[in-house]
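I opened the model today and kept notes as I went. Entries follow in the order of my look-ups.

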Amino acid sequence: MATCDAVLQSLAKLSLSPRTVSHESVSDNKAWAAALASTKDAVFEMTKTLILKPKTAKTAAATPVVVIALESTETPVPALGKKLSLKDCRFANEELLQTTFGVNKDQVSPFALSNVADLSLVHLVVDSAILALPATTLLAFHPSAADKTVFVTVDQLKAYFKSISKDFVEIDFKAIATAAPAAAAASGSKPAAKPAPKKKAAAEIEASADEVHQMGIEAKKEVDFPKWYQQVLTKSEMLEYYDVSGCYILRPLAYNVWKEITNFFDAAITEMGVEDTYFPMFVSNRVLQREKDHIEGFAPEVAWVTKAGSADLEEPIAIRPTSETVMYPYFSKWIRSYRDLPFRINQWCSVVRWEFKNPQPFLRTREFLWQEGHTAHLTLEGADKEVREILDLYEQVYTDLLAVPVVKGVKSEKERFAGGYYTTTVEGFIPTTGRAIQGGTSHCLGQNFSKMFNIVIEDPSAPANATEEAKKLHVWQNSWGLSTRTIGVMVMIHSDDKGLVLPPRVALIQTVVVPCGLNVKTTKEESDDIYDRCQAVAARLKKTGLKSKADLRENYSPGFKFNHWEIRGVPLRLELGPMDIKKNQVTAVRRDTGAKFAIPLDNLEKGVRDALDTIQNDMFQKAKAKMDSSIVRINKWEDFVRTLNDKKLCLIPWCDRIACEDDIKERSARVATEGEEEDDRAPSMGAKSLCKPFVQPTENPIVPGVTKCIACDHDAKHFMLFGRSY
Ligand SMILES: [Zn+2]
């Protein structure tokens, strides 16, 4: 149990090193104020910490409420209980304080939370008047001792909550104090006004639901995007940070998205005749170096194993950044005749690219999951066809599963795969930052690798009298990969200030059923009945293959549950209360729009399925409209940077020259907006080419010899999409 000293030590560990003063032991705030009056130099705010206990079933664990407020704030306990939809809140007795918080009533402070065995049972409430103070304002607390006072700032208090992983609910006590009498009046005199209290309960649940949103994501998407992104990922429990920088733990919610992608894509390529395989993750230096252009592209990011235990390896071994050079020596062994073609294999694995700049969960990580397909063909036409088929599948992963629009096209010479012949790509777009992101690439490698690795067959169409040498045909190769980056793109596009928003097709839980409308007057029979019905609704949906769950946790208010599932992105919430039962319906609430509507129980399965389809489709259409309006056709250089700064992408008539692309990057960097971090792999400062879209504008098309590149005045060859990108 944390004593006063332990509390101070743990605060020091958080580098809070708060100022502490000792004084006479005090047993009330008046005496405390008097004791602190001697510390004349400090300017601080007196606080109070209340511990309340709502009524719970006798057998259930207590779910105490810890309230931290300014000493001057009025904290009406009944109004607070109503606000939080908690039954009969009372002050906690000495026994609860001792057993759960390890303090007596004179030692209560926020830091007593460190003594609580199961913090998930505790509701933490912070007075909005405290949160409204400047972050550096000192607050006075008792650190588990009545004869000491510790001063921590508002920010340090928040840091403490973070250190114990406890979210809090912000409550405006002034607002609830004024709201309370009105609500009491509305419900009428207490005895015998039966229908009124029920209505009131529903209204309270609504109100508390609004309130508890705040315990989740603090950062706003439009204000602090990186922090928002991090909070969405961690608070939704998609992802956990790890102690090796640039590596992250994918938790079930995230892994399920990957699993859905895997299921879809694997079925499709199996149908095409691609077979799964697995190659080792280690590659010798000799093999890695075989294709020079290729290794040059990857060299700075290759991680090497140099030791076994304490002994140096005779020759360092690389960890695959991709597997072309791992696999192709064996292609030459296995592909002996044109009858072996097309030869197509795929592997699901992780690869390592040891990047040094700004790791970003999913988007840029040192190890990531992907699939890599590697195929060999008799002709370029065969290879071309497959490149496009795979790219179409990548597009479908984005559009159909993740509800994310993409632009398909070909990479410029500068951006194409190292050692490849040409690269096709699906490019996504993050409206909040105005940046594009490469979503997946399907490369034609041409004959470059087959020449390096000697993957040769006898040309079946060669004349019989041709020389051995003339009969030799190097196979045409492709490689294509799609990674867990997909998940990051999806999160960045759809999620909002309340947390994750998952497209139904990749959601681990598609619908959650929450019992509602229970209050103090509800009898045991009534509440049992509602819980049973919720369970039955979830079971019916499950039976038809919908991923559903009933949230029957007893000690949590509906508001708390709404918030819990909203942060986790569950696409559709079903509420079931006495009113719904009367009407033989459930009340459905969409995560993406917040829209509320009834689904008749007689039509439950179809109603839910249709709603999920609508959500999936609406999410895509919304993102598509945003992307379409963010791709701007630019006809003169003067508009280029302005458009980028407007968080948009530029479609320009372009000469298709590397020198021009370098120049565009430099010129758009010089006049870029300030405040964005510099990063040469993801040039927030300069624009790079994204792709030559397969679908070129038909209105005012390029006229050969007439239309000029807007950047250099050479003849334009085609329209090219440029943008800042990840
Ligand atoms: Zn040019």
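Where does Asp713 lie? I found Asp713 in the loop between strand E30 (688-693) and strand E31 (718-723). Helices (H or I, at least four residues) and strands (E, at least two) are DSSP runs, numbered from the N terminus.

**Ground rules.** I am reading a predicted model: local features need pLDDT of at least 70, side-chain atom pairs count only at pLDDT 80 or more, and totals for chains, interfaces and linings use all residues. Residues are numbered from 1 along each chain as its sequence is written.

**Asp713, continued.** I looked up phi for Asp713 and got a value near 75°, positive in a residue other than glycine. Asp713 is exposed because 11 other C-beta atoms lie within 10 Å. The cut-offs: buried means 20 or more other C-beta atoms within 10 Å of a residue's own, exposed means 12 or fewer, and partly exposed is in between, with C-beta atoms placed from the backbone.

**Phe362.** Phe362 also has a positive phi, near 70°. I located Phe362 in the loop between E15 and strand E16 (367-377). Phe362 counts as buried, because it has 24 C-beta neighbours inside 10 Å.

**Pro342.** I checked omega from Leu341 to Pro342: the peptide bond is cis, with omega near -10°. Pro342 is in the loop between helix H13 (324-334) and strand E15 (343-352).

**Cores.** I then listed nonpolar cores (sets of buried Ala, Val, Leu, Ile, Met, Phe, Trp, Tyr and Cys residues joined through C-beta atoms within 7 Å). The largest has 125 residues, and Val397, Val513 and Phe722 are among those with the most contacts inside it. Helix H14 (residues 380-401) gives the most to this core, nine residues. A second, separate core has 39 residues, including Val103 and Tyr160.

**Val103.** Val103 sits in the loop between helix H4 (94-101) and strand E5 (123-127). Val103 is buried, because 25 other C-beta atoms lie within 10 Å. Not counting residues up to four places away in sequence, I noted that Val103 touches Leu97, Val108, Ala112 and Ser144. Contact here means C-beta atoms, placed from the backbone, within 7 Å.

**Confidence.** I left pLDDT (the predictor's confidence in each residue, from 0 to 100) for last. The protein averages 88, and 91% of the residues score at least 70. Over residues 180-214 pLDDT is below 50, yet this stretch has 44 contacts beyond near neighbours in sequence. Where pLDDT is low, the predicted coordinates should not be read in detail.

Definitions and conventions: Two residues are in contact if their C-beta atoms, placed from the backbone, lie within 7 Å.
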